[in-house]
Amino acid sequence: MTDRASTQTMHAASPASFAIHRRADPMAVADRSKLLADPGFGRVFTDHMAMIRYTEGKGWHSAEITARKPLMLDPAAAVLHYAQEIFEGLKAYRLEDGRMVMFRPGANARRFQQSARRLAMPELPVELFTRSIHELVDVDRAWFPSVEGGSLYIRPFMFASEAFLGVRPATEYLYLVILSPVGGYFKAGSPAVSIWVSQDYTRASPGGTGAAKCGGNYASSLVPIAEATKHGCDQVVFLDAAEHKWLEELGGMNVFLVFNDGTLQTPPLTGTILPGITRESIMTLARAEGLTVREQPYSLDQWRADAESGRLTEAFACGTAAVVTPIGRVASPQGEFKIGAGGPGQITSSLKQKLVDIQRGKALDPHGWVYTID
Ligand SMILES: *Cc1c(COP(=O)(O)O)cnc(C)c1O
């Protein structure tokens, strides 16, 4: 599957051949402005989308930017039955001088290829992934939100569109990109989140799809998230499936611990954890500051003990959507414990600021992470 996909010829959808079909009926400026003043998260979408088709034997073809509109799908489309679907999430920012930039799109492109391999799907070339987003953001740049701290959330995704009920990798796929102007991810005024330790559910098991960004992982996290909400928590944290002891990650964010000796720790990527680009960026920034970052297993028991003894001073979750979010309280049926003063800690805040400043062009970009659209 992988070999077949990667040896397809690319001229059918070379970057130069992205057809741009601007819609004749874009949203009226006044209506758009109203939406952009308070977009929330994932509720507002722009006028256009990117689309590329894949057909076995032909490769990637028919690349276009077109009006965002409902898709026509055969009821037998494989994704509706066997969930061959993967996605990505990244953001575009507008700099003070008006230029639009993206944060590490190449890293998302490569992770999209890794997810595709795990789900037996064809790999989209990195250049096509990046180009599709570049062209779309350029066409819909008027949709950048006016709200303070806003960004354009970019959602590339791909699914099996072939009408076929047999169990095997599909021979036809659709790759799409949609854009959503967003404000903050968590409700305003909550400086730190509370998290619930899932007892009955795990997110990923060894050999499963935990390291792939696929919709199925999220479907199975909804019940545990609802359980967290029922217990008055904002998010759920999953333990490992084998021993139910080791900290893994939140439903859609990686987790870091900060200790009173100034060191950081995050669970290692053993195949059950999603390799977050924010996670990797935070490790790089922390190490550049001279901080020690360990990628080592950390147990829930240790977490409680360290929080109570004061050895653990801060904890935070990180991911593209919410960037860096302090964890203030951890609850489970065995009781709950507070981390530090229950609010954002100093190292957490400083790392977040460093990352956000690079993303928004307010600080130097020594690692070459910022991709300029124009
Ligand atoms: C996307 C995702 C993350 C965060 O990844 P980023 O690249 O930092 O956005 C973490 N965990 C899960 C399960 C995810 O799906």
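Colleague: What makes you say where the largest cavity lies relative to domain 1 (4-184) and domain 2 (193-359)?

Modeller: Both domains give residues to its lining, so the largest cavity lies between them. The domain bounds come from an automatic or database domain assignment. Before we go on: this is a predicted model, where local features need pLDDT of at least 70 and side-chain atom pairs count only at pLDDT 80 or more, while totals for chains, interfaces and linings use all residues. Residues are numbered from 1 along each chain as its sequence is written, and side-chain values use heavy atoms, with hydrogens and water left out.

Colleague: Why is that space called a cavity?

Modeller: On a 1 Å grid over the protein atoms alone, a cavity is a set of points where a 1.4 Å probe fits but cannot get out. The count comes to one cavity of 30 Å³ or more, and the largest holds about 80 Å³ of space. That volume is the space filled by probe spheres set on the points, with grid points joined across faces, edges and corners.

Colleague: Which residues line the largest cavity?

Modeller: L90, K91, Y93, F103, N108, I277, T278, T320 and Q359. A lining residue has an atom within 4 Å of a point. β5 and α8 (277-288) are the elements that give two or more residues to this lining, and β5 has the largest share with three. Helices (H or I, at least four residues) and strands (E, at least two) are DSSP runs, numbered from the N terminus.

Colleague: How do the lining residues divide into nonpolar, polar and charged?

Modeller: Four nonpolar, four polar and one charged. Ala, Val, Leu, Ile, Met, Phe, Trp, Tyr, Cys and Pro count as nonpolar, Asp, Glu, Lys and Arg as charged, and the others, Gly among them, as polar.

Colleague: On to charges. What makes R111 and E88 a salt bridge?

Modeller: The term asks for a side-chain nitrogen of Lys or Arg within 4 Å of a carboxyl oxygen of Asp or Glu. In R111 and E88 the closest N and O atoms are 2.8 Å apart, so the pair qualifies. R111 sits in helix α4 (residues 105-118) and E88 in the loop between β4 (85-87) and β5 (90-94), so the pair ties together parts that are 23 residues apart in sequence. The structure holds 15 salt bridges.

Colleague: Are R111 and E88 buried or exposed?

Modeller: Buried means under 20% relative accessible area, exposed over 50%, and partly exposed in between (1.4 Å probe, protein chains only). R111 comes out at 6%, so it is buried, and E88 at 0% is buried too.

Colleague: What makes a set of residues a nonpolar core?

Modeller: Buried Ala, Val, Leu, Ile, Met, Phe, Trp, Tyr and Cys residues have to be joined through side-chain atoms within 4.5 Å. The largest such core has 38 residues, and I133, V137, I154, M158 and Y175 touch the most other members. Elements supplying at least two residues of this core include β2 (48-55), β3 (59-67), α5 (126-139), β7 (151-160) and β8 (172-182). The largest share, six residues, comes from α5. In soluble globular proteins, nonpolar side chains tend to be buried together.

Colleague: Last one: what is the phi of A83, and where is A83 found?

Modeller: A83 has a positive phi of about 60° although it is not a glycine, and it is found in the loop between α3 (79-82) and β4. At 39% relative accessible area, A83 is partly exposed. A120 also has a positive phi, near 55°, without being a glycine. A120 is placed in the loop between α4 and α5, and its 25% makes it partly exposed.

Notes:
1 Å grid on protein atoms, 1.4 Å probe; cavity = no way out; pocket = protein on both sides within 12 Å on 5 of 7 lines; lining within 4 Å.
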